[in-house]
Amino acid sequence: MPTPSLTALPIRRLTLRDLTACADLSEDRGWPREEYKWGLLLAAGKGYGIDDPDGGLVTACVVTEYGPYSEPDLGAIGMVLVAERHARQGIGRRLMRHILSAMGTTPLTLHATPYGRPLYEELGFKVAGQAEMLHGHFAPGGPKPAVSTRAVTADDLAAILRLDEEVLGTDRTHLITRLPAFADQFRVAEENGRITGYAAAWPNMHTHVVGPLIARDTETAQALITSLAAGTDRPLRTDIDVRHEELRAWARARGLAPVALNSVMTYGIQELPGDWTRRFAPLTVAAL
């Protein structure tokens, strides 16, 4: 039988049963397999993909929705991948048009590499900001942070969820409540019994990703990163909003080198909701 045209192959919802195929697709494009992250995204979000008649996936992506379950007020698109053997044939464009149609009037956001940005601009996404990826072994130094941090307890979760929704401008309960099991470290900053920030470090291949990172100010963000770094021998990776220039300079001085500069893009809204001054880094650039 002749191989069906790629334009005729159906786009379907992915599930956790597709985790290995998604990781294979990442590896095919020269990305890390990131099975651990794929597992979170497929569980908390909605995966979409096209099956390759020869095995594996032609393309895949994940959309994580936020806000009311029945009427999300924001969706984050991530892990948009097309197999190398099917690249430059319009498959990514077809998948993205399907996502835009499926999401209807829900505003969307994504982090775009310089390579992917032209496609997203063609589809109507606008650049709303930038995030700098930093990576390296953290080198302690400088004054000891004055801000107090500690490990999260079960009693903290309600306050963390309130703070997160206040800062992000949307409800991320389905993601934040997964952090105690997903992250190797989950810490809060506290002043006079009030939580002023929180951060997690979760394993991704040979690194620990610092994210999300929510903090009252730069000093609090520094204290949280320092406390997380003290709990691991792995290199750290984080993606900091470029407007937080002081934190970026501090992180570079502590050994985290710039790796990439990606565009934060939006569709249907001019900018992300919430308070960017307290939003330092996402849980992952594939979500929010």
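Guide: A residue is buried under 20% relative accessible area, exposed over 50% and partly exposed in between (1.4 Å probe, protein chains only). The model is predicted: local features need pLDDT of at least 70 and side-chain atom pairs 80 or more, while totals for chains, interfaces and linings use all residues. Numbering starts from 1 along each chain as its sequence is written, and side-chain values use heavy atoms, without hydrogens or water.

Asn192 is exposed, at 81% relative accessibility. This residue sits in the loop between β8 (185-191) and β9 (194-204) (helices, H or I, have at least four residues and strands, E, at least two, as DSSP runs numbered from the N terminus). Although not a glycine, Asn192 has a positive phi of about 50°. Arg88, in the loop between β4 and α3, also has a positive phi, near 60°, and is exposed with a relative accessible area of 65%. In strand β10, which holds Pro212, the peptide bond from Gly211 to Pro212 is cis, with omega near 0°.

We turn to the spaces. On a 1 Å grid over protein atoms alone, a cavity is a set of points where a 1.4 Å probe fits but cannot get out; a pocket is an open set with protein on both sides within 12 Å along at least five of seven lines; lining residues have an atom within 4 Å of a point.

The largest pocket holds about 1,200 Å³ of space. Its lining has 42 residues, with Trp31, Val80, Leu81, Thr113 and Tyr115 nearest the centre. Elements giving two or more lining residues include β4 (74-82), α3 (91-103), β10 (207-215) and β12 (257-267). β4 contributes the most, 6 residues. By class, 22 residues of this lining are nonpolar, 12 polar and 8 charged.

The second largest pocket has about 350 Å³. Among its 28 lining residues, Asp241, Arg243, Val264, Leu272 and Arg279 are closest to the centre. β5, β6, β10, β11 and β13 (279-281) each give two or more residues to this lining, and β6 gives the most, with 4.

The whole structure has 1 cavity of 30 Å³ or more. The volume of the largest cavity is about 60 Å³. Lys37, Trp202, Arg237, Asp239 and Pro282 are among its lining residues. β10 and β11 each supply at least two residues there.

Notes. Grid points are joined across faces, edges and corners, and a volume is the space filled by probe spheres set on the points. Ala, Val, Leu, Ile, Met, Phe, Trp, Tyr, Cys and Pro count as nonpolar, Asp, Glu, Lys and Arg as charged, and the others, Gly among them, as polar.
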